[in-house]
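Have a look at the structure first, then read on.

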Amino acid sequence: MTGLSGPLRTALRWLPAAVLAAVATAALAQTFNTQIYDHVNRKWVDYSPQAAVRYYRMHGQTPEEFQRQVVPFRTAEKPGTIIIDGDRHFLYLVLPGFQAIRYGIGVGRDGFGWAGIVTVGRKQEWPVWTPPAEMIARDPEAAQWKDGMPGGPDNPLGARALYLYVGNKDSIYRIHGTNQPWSIGLNISSGCIRMNNDDVTDLYSRVEVGAKVIVLMQGAALYKGV
Amino acid sequence: MNCPKSPVSSSRVAVLIAGLGLSLLAGCNTSAPVQGPAAGAVRSSGATAPTDLQLLCAAEAAEQLQITDGNVLPVSSGPSGGTGYRVNLTFEGGEAVCVIDDDGMVQSIDRI
């Protein structure tokens, strides 16, 4: 990671170390959101959190395109590589034969998106969720879990977590399940990639520790790794 | 419709009006229905290159520019020309621009 000047590092010391390099190279974010087609009024409208909740309550699932499916995928990346397209809210697991499994995802909200090349450092089933210090600082409700929230259906990390590393260092970012399945397709998290629990369980069973993860997100802060 | 200059029977006018109405309805029925996306279809609010095309650009740039660690990252993209895309790439020590067509054929890689 590129180092920062002393005064800048001092000014930003309240940020976790893993984010400092990303801030140093941050570009003006150009956040792309999801739109959904309103067939009654024949126009595209914002797929807001409110619209997402309504859709999920009506259909019992997120829109069809966010459902897990095998798609054509032309790439030189080897099978088992994870590609995250934050702009389109898809995660791809590369398969042989120029195909990939495509999953719908939720990504970081404004100012929390990131891009880079990292690896899966470790995996965990029904993980414990411990909010980072800066989350506790900005969200007092998270303080009650400062010693860790046990894994389970109410845990924000959901059924599985894939911890993303740079070398041997935890990046603080995860691919994880969720207790808010309606949020798939939204820019809503603190930077982690969220999937519904069925999808993350499926992905977890297919991915090995050490797998390469490429995160694409236009205009987001660059987290340079690997 | 011009008003008749000479008196016409009311029944004849009724037939004319009915015929005109049927003609209009027939015209409506034969016009093609408006096609649009399926209900509940989703899309991104921004236009970026397809994910796999971005990666093809990165792989081609790594080879052409001899990026030893192979870590070339697409950072932005958009439509270019009629059926192609422009993909901006970053790597240790530099940046490049790739133009790729919809078939996945890289048209150019230029270091910037």
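## Where the chains meet

Chain A brings 34 residues to the contact and chain B brings 24; two residues are in contact if their C-beta atoms, placed from the backbone, lie within 7 Å. On chain B's side, these elements give two or more residues each:

| Element of chain B | Residues |
|---|---|
| β1 | 42–44 |
| α2 | 51–64 |
| β2 | 73–80 |

Helices (H or I, at least four residues) and strands (E, at least two) are DSSP runs, numbered from the N terminus. The largest share of that side, six residues, comes from α2(B).

This is a predicted model, where local features need pLDDT of at least 70, side-chain atom pairs count only at pLDDT 80 or more, and totals for chains, interfaces and linings use all residues. Residues are numbered from 1 along each chain as its sequence is written, while chains are lettered from A and ligands numbered from 1 in the order in which they are written.

Strands cross the divide too: β1 of chain A (residues 34–38) runs antiparallel to β1(B), joined by three bridges. In β1(B), B:R43 is the bridge partner of A:Q35.

Chain A has an average pLDDT of 86, with 85% of the residues scoring at least 70; pLDDT is the predictor's confidence in each residue, from 0 to 100. Over residues 1–28 of chain A, the pLDDT is below 50. Where pLDDT is low, the predicted coordinates should not be read in detail.

Definitions and conventions:
Two strands pair if DSSP finds at least two bridges between them.
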